[in-house]
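Please consult the sequence and the structure shown below.

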Amino acid sequence: MKKILIGIAAMLAFVGCGKKEKTVNMYMWGGSQEINKFMDNVVAVNLEKKDNIKLNRVPITNIKDTVNKLIIEKQAGKKNGSIDLIWVNGENFKELKNAGVLEGNIGKNLKNLQYVKESTLEKDFGEPINGYEIPWGEAQFNFIYRGNGNIPFNDSKTLMEYVKNNPGRFTYPEVNNFTGSAFVRNMAIDILGYENIEKMTNEELKNNLNIVWNYFNEMKPYLWREGSTYPESEGKLDTLYGNGEVDVTMGYTLNKVTAKIDAGQYDKNSKSFLLDKGTLFNNHYLAIPENGKNKEDAKIVIDYLISPEGQLLKQEPENWGDLTILDVNKLDETTQKRFKSLIESKNLPSLKDIQEKRIKELSPEKLAIIEEGWNSNVGKI
């Protein structure tokens, strides 16, 4: 009996000495199957092995719902909230920052922050970051076509010509979708000029956008389904392109074309291209809510996601294809070559083109004006 008791005690001691698994609830957009698989099957698996952390990806459709949730919890004085980590962009970051719901100085003690490009730590859509978020990836808006012959258009003028000459073969997501919004404001910038828009007051921008709404309304009858409806998401547009219903798709992930070809979802000749005056470029970020109950574990997750290993995996076309926020010149030569090889493809613009054809994002206020203007003057007509 004594031996049995000793054996049980030893067994309990062995179980007790094991580390308890920690859970980090990461709230993020869930509209991409490829990104979801990468987070669940690669990132989550690696974090569990390396740091005994269970990454619980919580998919969200509308980031504004999550923003409102954090603001309401702040007003109610709720501690130990359910959100440990959140994927945000500039428009939502400013609202979260102003509401005082984000943890500050989250970069402290992140060992991999030393490799991150310093420029990405300064502003997000023109809003000073001040240590409230950490960059996670780099995105540049691009278009994809079947690659037979010359690119179909290179600016707003040639796009209009292309659409009229190929009725029913082009469309874009509605402006309430992130990709649709990016397309509309990229066209607004191409028509009005980035520097001109930057100098305009909000009221001046509203007045000058009439030219842009006339442009989109002129285009509407020549769109897929004669502009009576728009794809609700980038994924829906990708499906139309993959099925051959339209000739062009678009998005913020430059390497998406490679991944889709490899998966058999795109024509093998598909290629990514940029506009001559440039396409929108931004970084996306990670933030920790002030009332998060697992802040330290969330920081461990961030540190892995911005590590050379995490960033390389993320840039692999079969995983995500997202460009890195690391200054690759700070890395060892072998790692530098691996990063650079991932964007050397006949299906992609040259690195020189990618870097030269970049347009900064507009302020959240001007972005909202463009979205509201499209809804009122184009979408509802």
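Which strand gives the most to the lining of the second largest pocket? Strand 10 does, with four residues. The model is predicted: local features need pLDDT of at least 70, side-chain atom pairs count only at pLDDT 80 or more, and totals for chains, interfaces and linings use all residues. Residues are numbered from 1 along each chain as its sequence is written, and side-chain values use heavy atoms, without hydrogens and water.

**The pocket**

The second largest pocket has a volume of about 480 Å³. Of its 19 lining residues, Lys123, Phe125, Gly126, Asn283 and Lys360 are the closest to its centre. The elements giving two or more residues to this lining are strand 4 (123–124), helix 7 (194–199) and strand 10 (279–287). Helices (H or I, at least four residues) and strands (E, at least two) are DSSP runs, numbered from the N terminus. The lining is divided by class below.

| Class | Lining residues |
|---|---|
| Nonpolar | five residues |
| Polar | six residues |

Three strands form an open sheet in the order 8-7-9, with antiparallel pairing (at least two DSSP bridges between two strands). Strand 8 (248–251) and strand 9 (271–273) are the edge strands, each pairing on one side only. Strand 7 (residues 142–145) is joined to strand 8 by four bridges; Phe143 has Met250 in strand 8 as its bridge partner. Helix 10 (residues 234–242) packs on the sheet and touches strand 7 and strand 8 (contact: heavy atoms within 4.5 Å).

Technical notes: Axes fitted to C-alpha atoms, helices over the stretch in contact; angles between N-to-C directions. 1 Å grid on protein atoms, 1.4 Å probe; cavity = no way out; pocket = protein on both sides within 12 Å on 5 of 7 lines; lining within 4 Å. Points joined across faces, edges and corners; volume = space filled by probe spheres on them. Nonpolar A, V, L, I, M, F, W, Y, C, P; charged D, E, K, R; others polar.
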